Amino acid sequence: MHQLSTDLGVPLEEASFVVVDLETTGGRPAPNSIADIGAVRVRGGETLGEFATLVDPGEPIPAFITALTGITTAMALSAPRIGEVLPSFMEFLGPGPDTVLVAHNAAFDVGHLRAACAGLGMAWPKVRVLDTVKLARRVFTRDEAPNVKLSTLARVCRATVRPTHRALDDARATVDVLHAMLARLGPLGVTHLEDLASAADPVPARRRGKAHLAEGLPHSPGVYRFIGPAGDVLYVGTSANVHRRVRQYFTAAETRRRIAEMVDLAVRVEAKPTATVLEAGVLELRDIARLDPPYNRRSRRPDRLPWLVLTEEAHPRLSITRAVPLDRVADALGPFPSQAQARKAARLVADDCRLRTCTARLPAIPRARARACHLCELGRCSAPCVDAEGARRAPQEAAAILAGACDGLWKRQTARLAALAELERFEQAGAQRDRLGAVLAAQRRKERLLPLLLSREIVAARREGSGWQIAAIRYGRLAGTARAQAHPLGAAEALLAVAEAVGRPRLAGGAAHPEETELLASWLWSRDTRLIAVSGEVPVALPRRSAARFRVPGPQCGGEAACQADGGT
């Protein structure tokens with residue numbers, strides 16, 4: 001039972017429901033506002049116990065409360081005070097994740113119970129709360145129940161107990177109403193407490209009825225695919241527990257409009273279990289790139305991520321490209337998340353180094369009658385078209401920035417930002433800040449990815465619970481994963497014997513899409529990961545003077561915020 005509860009949630013037939021009702025003095029919740037408590041504990045449709053007592057509120061019972069409930073001041077005077085009653089009720093309620101506190105208009109009853117606990121210095125227990133009023137609004141139509149009063153629902157559900165405005169009678173009636181509603185919700189896929197928690201939310205019955213599509217899916221890490229009527233893949237996702245995650249799509253836990261539309265279209269769900277969560281994440285990225293599902297918005301074309309390089313000509317300029325030879329990747333900047341970010345970085349580097357931006361192919365030696373353009377006069381170009389010797393320094397400085405030497409760029413641009421802020425030219429400062437952020441973000445990304453892209457093989461292990469998760473990475477591509485309960489070295493050797501063979505690619509990212517390599521880098525650089533073996537062209541380490549030292553304030557800071565550079569490594 002415990003294993004089932006861990007994997008899927010708590011089945012409704014194994015959950016304990018404590019149905020409570022209160023009668024109060026009629027005012028707002030207060031430490032002594034409760035006059036009557038009634039509660040019934042049920043499980044699997046059977047009553048396990050009842051709790052009922054009057055409570056002396058320490059003041060006369062108002063006449064309208066007496067008329068409504070029949071409780072008089074004389075009756076209350078012979079009852080115990082709340083300080084004697086509440087500990088016994090909390091013991092009846094009991095602890096545990098399988099217990100649900102149920103009430104009709106739960107906000108009222110829980111509010112008074114919380115106030116009583118606060119008055120006695122008692123902590124309110126961590127317990128699930130279910131409001132039968134909210135649930136009834138989803139279960140019954142207005143034709144069936146014109147309102148959600150307990151007396152009306154008791155009549156509709158043919159409760160064996162009639163509500164009388166006395167706590168125990170009303171709690172018993174609420175039990176019958178609860179059981180009737182659960183019977184209606186079962187065929188709609190509400191079979192566990194996790195389903196019931198969102199059953200009161202507006203989820204169409206047709207969508208809830210598709211919960212059966214999760215049947216038979218693995219309760220382990222893996223990739224799942226929602227399939228449309230024509231057999232096409234609508235959506236690809238991943239989870240550490242595929243069955244539990246897929247079930248959530250048919251409840252109010254899923255709030256995305258596009259995904260709800262996708263679920264309504266789907267006719268079945270396929271899944272592929274994996275040895276580790278890491279492998280599942282990688283397969284998800286590969287499936288999205290290969291299948292291009294219409295309802296996946298991220299990672300659909302990771303092969304299009306751009307890089308920034310210097311052209312190979314007599315007077316180089318910056319170029320945005322998606323194909324960088326692996327031998328030149330150390331001298332390129334990227335990959336950028338978009339063309340727009342690459343253009344921002346290119347403009348900043350060109351301006352900072354006074355690198356030419358014209359696209360004409362210039363001769364190594366300027367023509368006799370060549371004339372410089374207006375950018376030279378503005379101080380934004382070193383003008384190799386008229387002064388080839390004096391312009392040689394610009395591409396050298398740009399090459400150094402692309403290779404990772406950002407200190408000079410940082411110093412010059414932060415000084416410029418401060419000057420713009422001093423002049424209150426905040427819009428211009430914001431644009432300049434965004435360009436600087438694009439350069440530094442790309443450099444940080446490159447520093448994380450470069451050791452993986454240039455490594456023939458990296459074998460690492462990460463502790464997970466009582467065991468180990470092991471991965472083999474080759475040229476930035478996941479070649480295989482395994483799990484080990486004991487020491488990981490033996491499992492690592494066995495993994496290498498069956499891992500995918502990956503040859504050295506010609507292009508950076510040629511073995512795997514950059515997003516796959518980035519996912520592997522996040523796993524590799526985590527605190528709990530340990531290297532087992534490394535074979536590559538560069539060490540698996542971040543540079544001492546990494547771009548991660550620099551922090552650029554977010555857009556909300558405007559041009560007034562000062563950028564910061566961390567010390568250390």
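# Chatting through salt bridges and packing

Colleague: Let's start with Arg393: buried or exposed?

Modeller: Arg393 is exposed, with a relative accessible area of 60%. Exposed means over 50% relative accessible area, buried means under 20%, and partly exposed is in between (1.4 Å probe, protein chains only). Before we go on, this is a predicted model, where local features need pLDDT of at least 70 and side-chain atom pairs count only at pLDDT 80 or more, while totals for chains, interfaces and linings use all residues. Residues are numbered from 1 along each chain as its sequence is written, and side-chain values use heavy atoms, with hydrogens and water left out.

Colleague: OK, and which side chain meets Arg393 in a salt bridge?

Modeller: That's Glu397, at 2.9 Å from N to O. A salt bridge here is a side-chain nitrogen of Lys or Arg within 4 Å of a carboxyl oxygen of Asp or Glu. Glu397 counts as partly exposed, at 28% relative accessibility.

Colleague: Where do Arg393 and Glu397 lie?

Modeller: Both are in helix α16 (residues 393–403), four residues apart, which is about one turn of the helix. Helices (H or I, at least four residues) and strands (E, at least two) are DSSP runs, numbered from the N terminus.

Colleague: How many salt bridges does the structure hold?

Modeller: It holds 23. Another one pairs Arg412 with Asp352, and their closest N and O atoms are 2.6 Å apart. Arg412 sits in helix α17 (residues 407–422) and Asp352 in helix α14 (residues 339–353), so this pair ties together parts that are 60 residues apart in sequence.

Colleague: Are those two buried or exposed, or something in between?

Modeller: Arg412 is partly exposed at 40% relative accessible area, whereas Asp352 counts as buried at 13%.

Colleague: Which residue forms a salt bridge with Asp407?

Modeller: Arg549 does, with the closest N and O atoms 3.0 Å apart. Asp407 lies in helix α17, and Arg549 is in the loop between β14 (529–536) and β15 (550–551), so the pair ties together parts 142 residues apart in sequence. Asp407 is partly exposed at 29% relative accessibility, and Arg549 is buried at 7%. There's also a network: salt bridges that share partners join Glu50, Asp169 and Arg172.

Colleague: Switching topic. What does the secondary structure of the whole chain come to?

Modeller: The protein chain has 20 helices and 16 strands. Of its 569 residues, 49% count as buried. The chain exposes about 27600 Å², and carbon and sulfur atoms supply 51% of that. Those areas come from the Shrake-Rupley method with a 1.4 Å probe; for residues, only the protein chains shown count as cover.

Colleague: And the contacts? What share comes from residues 24 or more positions apart?

Modeller: They account for 66% of the contacts in the chain with a separation of 6 or more. Contact means heavy atoms within 4.5 Å.

Colleague: Now helix packing. At what angle do α18 and α20 cross?

Modeller: Their axes cross at roughly 95° and come within 9 Å; α20 is residues 514–524. Axes are lines fitted to C-alpha atoms, for helices over the stretch in contact, and angles run from 0 to 180 degrees between N-to-C directions. That makes α18 and α20 roughly perpendicular to each other. For the labels, under 35 degrees is roughly parallel, over 145 roughly antiparallel, 65 to 115 roughly perpendicular, and the rest oblique. Among the residues making the contact are Arg445, Leu449 and Leu453 of α18, plus Pro514, Leu520 and Leu524 of α20.

Colleague: While we're on α18, where is the place of Arg433?

Modeller: Arg433 is in α18 too, which covers residues 426–453. Arg433 is buried, with a relative accessible area of 7%. Its side chain makes a polar contact with the side chain of Asp434 at 3.0 Å. A polar contact is a pair of N or O atoms within 3.5 Å; within protein, one must be able to donate a hydrogen and the other to accept it, and residues adjacent in sequence count only if both atoms are side-chain atoms.

Colleague: Last one: Ala332. Where is it found?

Modeller: Ala332 is in the loop between β10 (318–321) and α14. Ala332 is buried, with a relative accessible area of 0%. Leaving aside neighbours within four places in sequence, Ala332 is in contact with residues including Trp307, Leu402 and Lys446. Ala332 and Gln443 are 111 residues apart in sequence and 9.4 Å apart in space, C-alpha to C-alpha.
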